[in-house]
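Let's take a look at how this protein is put together inside. Have the structure open as you read.

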Amino acid sequence: LQPIGPGAAFRAVAERTGYVELGEIRRQREEWQRDASKDFARQRTHEGLTAYATHGAVQFADDIGAARAAIVRDTIVDMDAHPDGSRLVLAHRRVDVAELNHAIRAARQERGELQGEQLYKTTEGERAFAKGDRLLFRENNRDLGVKNGMLGTVERADPGRLEIKLDNARGPGMGRSVSISTADYPAVDHGYATTIHKAQGVTVDRTFVLASGT
């Protein structure tokens with residue numbers, strides 16, 4: 001996504017005081033991925049996609065349903081292969097995000113990984129959470145110290161209250177603990193998938209992206 005312009009006031013300050021520019025890409029470890037990121041940033045979309053396709057990272061399906069199912073399968077396989085790793089599923093449309101969150105969570109339920117779930121009324125509708133669930137914060141809250149787009153892992157699910165371990169640089173659920181009352185802070189959702197825009201600034205080991213017409 002292209003950055004939002006800082007505006008004339010920022011440019012005026014930079015002209016008078018000077019500035020430091022960040023130019024090195026650190027989010028991607030592989031050199032070819034760094035080069036592809038530069039291609040995307042410079043609107044060389046074909047070159048960027050070709051790099052990923054050459055490395056086997058672009059797959060096609062017959063329809064959107066089959067594509068979503070493939071992402072769910074790949075995500076579950078990655079959870080088994082890298083249990084301590086971080087991952088995120090991205091889509092452009094919120095309807096696809098909702099479908100992916102539901103499908104990934106259903107797959108985990110079938111495997112018996114989400115026991116003792118509780119139902120909560122959230123800003124996104126009724127949601128069930130259990131210990132081990134991935135959770136997305138959807139609003140900034142200074143008292144809780146959380147921001148819109150933050151991710152965490154549910155440590156405990158009690159009626160009306162959730163205990164969450166935030167993600168940090170060490171991995172998912174490796175940060176500080178946050179306790180929320182869903183009556184006071186209902187702005188939560190499942191955090192297996194999110195929109196591309198909301199994921200801006202998030203760094204994870206592996207990302208699964210659903211490409212759509214938008």
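## Starting from Ile104

Leaving aside neighbours within four places in sequence, Ile104 is in contact (heavy atoms within 4.5 Å) with Val72, Thr75, Ile76, Met79, Val89 and Tyr192.

Before going on: this is a predicted model, where local features need pLDDT of at least 70 and side-chain atom pairs count only at pLDDT 80 or more, while totals for chains, interfaces and linings use all residues. Residues are numbered from 1 along each chain as its sequence is written, and side-chain values use heavy atoms, with hydrogens and water left out.

## Two cores

A nonpolar core is a set of buried Ala, Val, Leu, Ile, Met, Phe, Trp, Tyr and Cys residues joined through side-chain atoms within 4.5 Å; buried means under 20% relative accessible area (1.4 Å probe, protein chains only). The largest one here has 17 residues, and Ile71, Val89, Leu100, Ile104 and Leu210 touch the most other members. Two or more residues each come from α4 (64-81), β1 (87-91), α5 (94-110) and β10 (206-210). α4 gives the most, with five residues. Helices (H or I, at least four residues) and strands (E, at least two) are DSSP runs, numbered from the N terminus.

There's also a second, separate core of 15 residues, including Leu135 and Leu166.

## The sheet

Three strands form an open sheet in the order β9-β1-β10, with parallel pairing (two strands pair if DSSP finds at least two bridges between them). β9 (193-195) and β10 are the edge strands, each pairing on one side only. β1 and β9 pair over three bridges, and Leu90 stands opposite Thr194 in β9.

Technical notes: Buried means under 20% relative accessible area, exposed over 50%, partly exposed in between (1.4 Å probe, protein chains only).
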